[in-house]
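Look at the model first, then read the points below.

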Amino acid sequence: MRLTREQSRAQTRERLLDAAAELFAERGVNGASVEQIAERAGYTRGAFYGNFEDKHQLVGELLKRRTLRELEEVTALQKSENPWEAVREWNRARAENLTGWLALRTELMLYALRNEEIRPRLAERETIARDAHTRTLERIFAGKNPPADPAFLALILHALEDGLLIQRLLFPGEIQDDVVVDAVELLIRTWTRAAEG
């Protein structure tokens with residue numbers, strides 16, 4: 001089946017983003033050139049600039065895309081019969097690629113720290129993730145009195161996830177793949193008891 005012009009452009013864009021994610025995890029954002037990204041994706045430099053103004057724009061798009069993809073996956077899991085177990089399995093599967101995922105996340109964070117103009121894009125990515133946590137907590141505490149503003153509790157969960165994933169990477173023999181789910185469940189049980197008490 002022949003692709004339309006829009007479909008072809010979208011496919012090219014996706015391949016460039018995938019190639020960039022691989023290269024950024026391997027070499028860092030600054031260690032991967034536009035030419036290398038295009039070559040890894042199977043295109044020319046012209047294809048890159050036909051889809052992105054520069055590497056800044058690509059980094060911003062990559063941040064947003066990865067966040068929305070994770071959000072879609074986790075939102076779908078929350079609709080399952082046993083959402084905690086589904087999220088637990090998702091975290092176990094994510095642990096198989098933890099090194100690459102964390103390398104890319106760290107590289108994008110470092111890039112934003114070194115390039116002030118990209119920080120709003122990183123902040124947008126973080127806001128999407130935190131808002132998702134906030135909505136989940138608002139559902140959990142509906143009709144109850146949470147121990148703090150759900151947005152603040154979401155910030156705690158989001159920061160805890162980052163820290164625990166780093167610890168999981170450094171101590172794979174000691175810390176289980178589903179440590180994030182265990183910690184979140186523990187906190188929510190504690191917060192729920194406080195809300196009911």
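The structure holds 20 salt bridges, a salt bridge being a side-chain nitrogen of Lys or Arg within 4 Å of a carboxyl oxygen of Asp or Glu. This is a predicted model, in which local features need pLDDT of at least 70 and side-chain atom pairs count only at pLDDT 80 or more, while totals for chains, interfaces and linings use all residues. Residues are numbered from 1 along each chain as its sequence is written, and side-chain values use heavy atoms, without hydrogens and water.

**Salt bridges**

- Arg 13 pairs with Glu 61, with the closest N and O atoms 3.7 Å apart.
- This pair links distant parts of the chain, since Arg 13 lies in helix α1 and Glu 61 in helix α4, 48 residues apart.
- Glu 26 forms a salt bridge with Arg 40, where the closest N and O atoms are 3.0 Å apart.
- Asp 177 forms a salt bridge with Arg 168, the closest N and O atoms being 2.2 Å apart.

**Exposure of the partners**

- Asp 177 has a relative accessible area of 28%, so Asp 177 is partly exposed (buried means under 20%, exposed over 50%, partly exposed in between, with a 1.4 Å probe and protein chains only).
- Arg 168 is buried, at 13%.

**Helix packing**

- Helix α1 (residues 5-27) and helix α4 (residues 55-78) pack at an angle of about 95°, with axes 10 Å apart (helices are DSSP runs of H or I, at least four residues, numbered from the N terminus; axes are lines fitted to C-alpha atoms over the stretch in contact, and angles run from 0 to 180 degrees between N-to-C directions).
- Therefore α1 is roughly perpendicular to α4 (65 to 115 degrees).

How values were computed
Helices (H or I, at least four residues) and strands (E, at least two) are DSSP runs, numbered from the N terminus. Angles under 35 degrees count as roughly parallel, over 145 as roughly antiparallel, 65 to 115 as roughly perpendicular and the rest as oblique.
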